[in-house]
Amino acid sequence: IFFRNMLRRTFNTLPRAVKCARTTTILAVRKDGDVVLMGDKLVTAGSVSVKHSALKIRTISKKDQPDVLVGFAGSVADAFSLLQRLEGKLDEYPGQLLRACVELAKAWRSDKYLRRLEATIVACDPSGIFTVDGMGNVLEGDEGVLAAGSGGYFAAAAAKALYDIDGLTAEQICAKAMKVATQMDIHSNETHDILKVVEGSKEATSS
């Protein structure tokens, strides 16, 4: 009981962004004009696997603008709430994904309801890759790679190691890195969804 209480107190002192970055792997890679987003399909409740076919990535489509690919980690209900708000920001700032993410982060910090949402979203289009985390921070992908979730660190490390290999496309890098990550992370499975926007196109496709 002592150790259980100690672990609970330790967990409660962690930043909310760390708490909600769990039980999934989301990876985005942008290279040579292509942007690819992948997510695993496992849903867990505590230590129990409850679903193996969840869809954790979505597309936001706006007229005359490139599709925005969005993935989420953390609470599903909270993630969908944030997805709706990001879509609203993209209506206000069409074609400006970074501006939309920054404005969403501002609202996340200032709105009492939003501050209780425990999720991290990854948003990307041909212009860039960004995350908005549970503390209202906006991060831009370094070296064309960004990840979220419990397997995110494994996925990002593998993708960065593969990124400079000649001949590997963004989709190939993403697929190889996700395979590595989901083999190591017990809260992710090896069944993946993939969305991509290729160079010269505004519409997302799946594979």
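Biologist: The largest cavity is put at a volume of about 80 Å³. What makes it a cavity?

Modeller: It is a set of points, on a 1 Å grid over the protein atoms alone, where a 1.4 Å probe fits but cannot get out. The volume is the space filled by probe spheres set on the points, which are joined across faces, edges and corners. By the rule of 30 Å³ or more, the count is one cavity. This is a predicted model, in which local features need pLDDT of at least 70 and side-chain atom pairs count only at pLDDT 80 or more, while totals for chains, interfaces and linings use all residues. Residues are numbered from 1 along each chain as its sequence is written, and side-chain values use heavy atoms, with hydrogens and water left out.

Biologist: Which residues line the largest cavity, and how do they divide by class?

Modeller: The lining consists of I60, S61, K62, Q65, P66, V68, L90, P94, G95, Q96, L97 and D125, each with an atom within 4 Å of a point. Six are nonpolar, four polar and two charged. Asp, Glu, Lys and Arg count as charged, so K62 and D125 belong there. Ala, Val, Leu, Ile, Met, Phe, Trp, Tyr, Cys and Pro are nonpolar, and the others, Gly among them, polar.

Biologist: How do you know that β8 and β9 pair?

Modeller: Pairing requires that DSSP find at least two bridges between two strands (E runs of at least two residues, numbered from the N terminus). Three bridges join β8 (residues 128–132) to β9, so the two strands pair. Within them, F130 has E140 as its bridge partner. They belong to an open antiparallel sheet of five strands in the order β5-β6-β7-β8-β9.

Biologist: Why are β5 and β9 said to stand at the edges?

Modeller: β5 (57–60) and β9 (138–140) each have a single partner strand, so one side of each lacks a neighbour in the sheet. Neighbouring strands here are turned by 25 degrees against each other on average, direction ignored.

Biologist: Which helix lies across β5, β6 and β7?

Modeller: Helix α3 (residues 76–92; a helix is a DSSP run of H or I, at least four residues) lies across β5, β6 (68–74) and β7 (119–125), at about 150 degrees to β6. Angles run from 0 to 180 degrees between N-to-C directions of axes fitted to C-alpha atoms, for helices over the stretch in contact (heavy atoms within 4.5 Å). Helix α4 (residues 97–110) touches β6, β7, β8 and β9, and its direction makes about 5 degrees with that of β8.

Biologist: What makes β2 and β11 a pair?

Modeller: Strands β2 (residues 34–40) and β11 (residues 192–197) share six antiparallel bridges, so they pass the pairing threshold. L37 stands opposite L195 in β11.

Biologist: Where is confidence lowest, and where highest?

Modeller: On pLDDT, the predictor's confidence in each residue from 0 to 100, helix α2 (residues 16–20) is lowest, at a mean of 42, and strand β1 (residues 26–31) highest, at 95. The chain mean is 82, with 85% of residues at 70 or more. Residues 2–8 stay under 50, with zero contacts beyond four places in sequence.

Methods
1 Å grid on protein atoms, 1.4 Å probe; cavity = no way out; pocket = protein on both sides within 12 Å on 5 of 7 lines; lining within 4 Å.
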